[in-house]
Amino acid sequence: MKKLTAILVDDMPTALEMLQKDLTQRYPEIEIIGTAKSVVEASKLLRKEQPDILFLDIMLGDGTGFDVLEIHPNLSSKIIFVTASDEYAIKAFKFAAIDYVLKPYSDEDLANAISKAKNQIQPDKEQLSVLQQSITKPNQRPKKISLHTSDKIMVVSLDDIIRCQSDNNYTEFFMSDGQKILVGKTLKHFSDMLKEYDFLRVHQSHLINIQYIKEFIKSDGGYLVLKNKTTIPVSVRKKNEVITVLEKI
């Protein structure tokens with residue numbers, strides 16, 4: 001079995017000790033070659049060592065995990081992001097479509113993270129940029145979102161998404177340039193993520209970016225006409241919500 005090296009970065013001593021203990025006891029194929037509790041310590045360590053896996057906490061006492069990555073832009077390590085149970089951080093990871101381990105983690109969580117790290121394609125700079133913006137500016141509307149297709153990861157602007165449509169356990173994104181992007185997540189997943197950012201679930205199969213709504217036709221059961229002339233049905237129970245939203249625009 002090929003030995004893998006790891007460096008652990010976490011500003012909480014108890015969390016660092018626990019992770020070190022779990023790895024030592026359960027993963028003999030992983031050799032811990034260093035630990036750090038800050039951006040400064042991690043940066044010094046990474047100048048000397050390039051581990052196979054970097055366990056990187058997001059919020060550190062003297063900065064963030066992103067500061068570490070910016071200092072070492074050519075880092076080849078597989079990264080396992082670790083974050084505390086914070087709703088903003090979790091939302092940020094979902095927007096960036098990047099895997100993470102949530103503290104306190106279970107044995108299964110850690111096992112899954114290590115398995116993915118061994119096989120993962122590294123997040124690209126655009127994904128990391130989405131993650132950084134979402135975490136460091138949690139009260140601002142995110143500008144972009146990462147979408148996993150069957151063969152690639154695409155980073156798109158929220159303003160370029162006209163609508164999303166359910167396709168069983170998949171969601172199809174319809175973009176302003178005419179492009180369609182099929183993603184292996186349910187419409188509910190994206191509805192929950194985007195509902196705070198001017199996206200409205202008007203039907204069990206349709207999520208709409210409200211800036212693309214042209215008019216709401218109340219007859220014939222009720223439907224929306226979008227600026228690109230697409231018509232979208234509105235469910236009976238969503239009619240009042242649609243009217244309320246459009247009155248505020």
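The model is predicted. The protein holds 8 helices and 17 strands. Its C-alpha atoms fill a box of roughly 70 × 35 × 30 Å along the principal axes. Of the 249 residues, 46% are buried. Contacts between residues at least 6 apart in sequence were also examined; 54% of them join residues at least 24 apart.

Helix 1 covers residues 13–26.

Helix 4 is mostly covered, with 7 of its 10 residues buried. The buried residues are Ala-89, Ile-90, Lys-91, Ala-92, Phe-93, Phe-95 and Ala-96. Their cover includes strand 6 (78–83), strand 7 (100–102) and strand 8 (144–148). Helix 6 and helix 7 (187–194) also contribute to it.

Two packed helices are described by the angle between their axes and the distance between the axes. Helix 4 (residues 87–96) and helix 6 (residues 125–136) pack at an angle of about 155°, and their axes are 8 Å apart. An angle over 145 degrees counts as roughly antiparallel. Helix 4 is therefore roughly antiparallel to helix 6. The crossing of helix 4 and helix 6 is right-handed. On the helix 4 side, the contact is made by Ala-89, Ala-92, Phe-93, Phe-95 and Ala-96. On the helix 6 side, Gln-127, Val-130, Leu-131, Ser-134 and Ile-135 take part. The five contact residues named for helix 4 are also among its buried residues.

His-206 lies in strand 14 (residues 206–209). Its relative accessibility is 8%, so His-206 counts as buried. Residues up to four places away in sequence are set aside here. Beyond them, His-206 touches Arg-163, Cys-164, Gln-165, Leu-187, Leu-200, Arg-201, Ile-232 and Pro-233.

The backbone has some sites of note. Most residues other than glycine have a negative phi, and most peptide bonds are trans. Ala-97, which follows helix 4, has a positive phi near 55°. Asp-198 is not a glycine, yet its phi is positive, at about 70°. Asp-198 sits in the loop between helix 7 and strand 13 (199–203). With a relative accessibility of 41%, Asp-198 counts as partly exposed. Lys-229 also has a positive phi, near 75°. The loop that holds Lys-229 runs between strand 16 (223–226) and strand 17 (231–233). Lys-229 is exposed, with a relative accessible area of 72%. The peptide bond from Lys-103 to Pro-104 is cis, with omega near -5°. Pro-104 belongs to the loop between strand 7 and helix 5.

Definitions and conventions:
Residues numbered from 1 in each chain as written. Predicted model: local features only at pLDDT ≥ 70, side-chain atom pairs only at ≥ 80, totals over all residues. Heavy atoms only, no water. Helix = DSSP H or I, 4+ residues; strand = E, 2+ residues; numbered from the N terminus. Expected span 1.5 Å × (residues − 1). Axes fitted to C-alpha atoms, helices over the stretch in contact; angles between N-to-C directions. Parallel < 35°, antiparallel > 145°, perpendicular 65-115°, else oblique. Left-handed = near helix turned anticlockwise from the far one by under 90°. Contact = heavy atoms within 4.5 Å. Buried < 20%, exposed > 50% of the residue type's maximum accessible area, 1.4 Å probe, protein only.
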